[in-house]
Amino acid sequence: MADKKKLRKKKAQLETSSEVLKSFFQKSPLSQQFTRWKVWNEWAELVGPQISKYSSPIQYDQGTLTLWVAHPVHMQNLQFIELELKRKINEFVGRRWVHRIRYDLNLKNKPENISEQQLQDVIED
C-alpha cells in the first residue's frame, strides 16, 4: 500500500520535457535567447494571421523589439495598436519583456521566410 502511494507521488512530480526546459531557461543566461526564439516561432499565433502576413520580428535588444514591416501603411497600423501588441507579447512571455517597439521597412532586413511573391501580395493588398 505504501509503495502505491510513493509511486503516485513520483508520477505527480514528473514534468513534461517542455516544463523542464522552460524552468531551466528561466534560470539560465540563455533566457533571453529562448524567449526570443519562442516569440519568433509563435509570431503568427501571437499576433494573428493578418498582422503576421506583413510583419515579422527581426531583433530584440534590452527591451526593444524591432519588427520588419512590408509597407508604411502597415507600419502605421501597427503603431496604432502598439500598446495592445506589447501587452500580448508580454502576456505570452509571462513578464514585461518588451518595453518599446521599433519598426523597420528596409528590404535588406526582410526575414528569409518571406518570399518575394508574399511581399508583392502584401503590397498589392
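Biologist: How are helix 3 and helix 7 oriented to each other?
Modeller: This is a predicted model, in which local features need pLDDT of at least 70, side-chain atom pairs count only at pLDDT 80 or more, and totals for chains, interfaces and linings use all residues. Residues are numbered from 1 along each chain as its sequence is written, and side-chain values use heavy atoms, with hydrogens and water left out. Helix 3 (residues 31-41) packs against helix 7 (residues 82-93) at about 125 degrees, the axes being 11 Å apart. Angles under 35 degrees count as roughly parallel, over 145 as roughly antiparallel, 65 to 115 as roughly perpendicular and the rest as oblique, so helix 3 and helix 7 are oblique.

Biologist: Is the crossing of helix 3 and helix 7 left-handed or right-handed?
Modeller: A crossing is left-handed if the near helix is turned anticlockwise from the far one by less than a right angle, and right-handed if clockwise. For helix 3 and helix 7 the crossing is right-handed.

Biologist: Does Ser55 count as buried or exposed?
Modeller: Ser55 is found in strand 1 (residues 55-61). Buried means under 20% relative accessible area, exposed over 50%, and partly exposed in between (1.4 Å probe, protein chains only). Ser55 has 1% relative accessibility and therefore counts as buried.

Biologist: Which residues is Ser55 in contact with, leaving aside its neighbours within four places in sequence?
Modeller: The side chain of Ser55 also reaches the backbone oxygen of Ile51, at 2.9 Å. With neighbours within four places in sequence left aside, the contacts of Ser55 are Trp43, Trp68, Val69 and Leu78.

Biologist: What separates the C-alpha atoms of Asn106 and Trp68?
Modeller: Asn106 lies in the loop between strand 3 (100-104) and helix 8 (116-124), and is partly exposed, with a relative accessible area of 36%. Asn106 and Trp68 are 38 residues apart along the chain, and their C-alpha atoms are separated by 7.5 Å.

Biologist: Across the chain, what share of the residues is buried?
Modeller: The chain has eight helices and three strands, where helices (H or I, at least four residues) and strands (E, at least two) are DSSP runs numbered from the N terminus. Of its 125 residues, the buried share is 36%.

Notes
Axes are lines fitted to C-alpha atoms, for helices over the stretch in contact, and angles run from 0 to 180 degrees between N-to-C directions. A polar contact is a pair of N or O atoms within 3.5 Å; within protein, one must be able to donate a hydrogen and the other to accept it, and residues adjacent in sequence count only if both atoms are side-chain atoms. Contact means heavy atoms within 4.5 Å.
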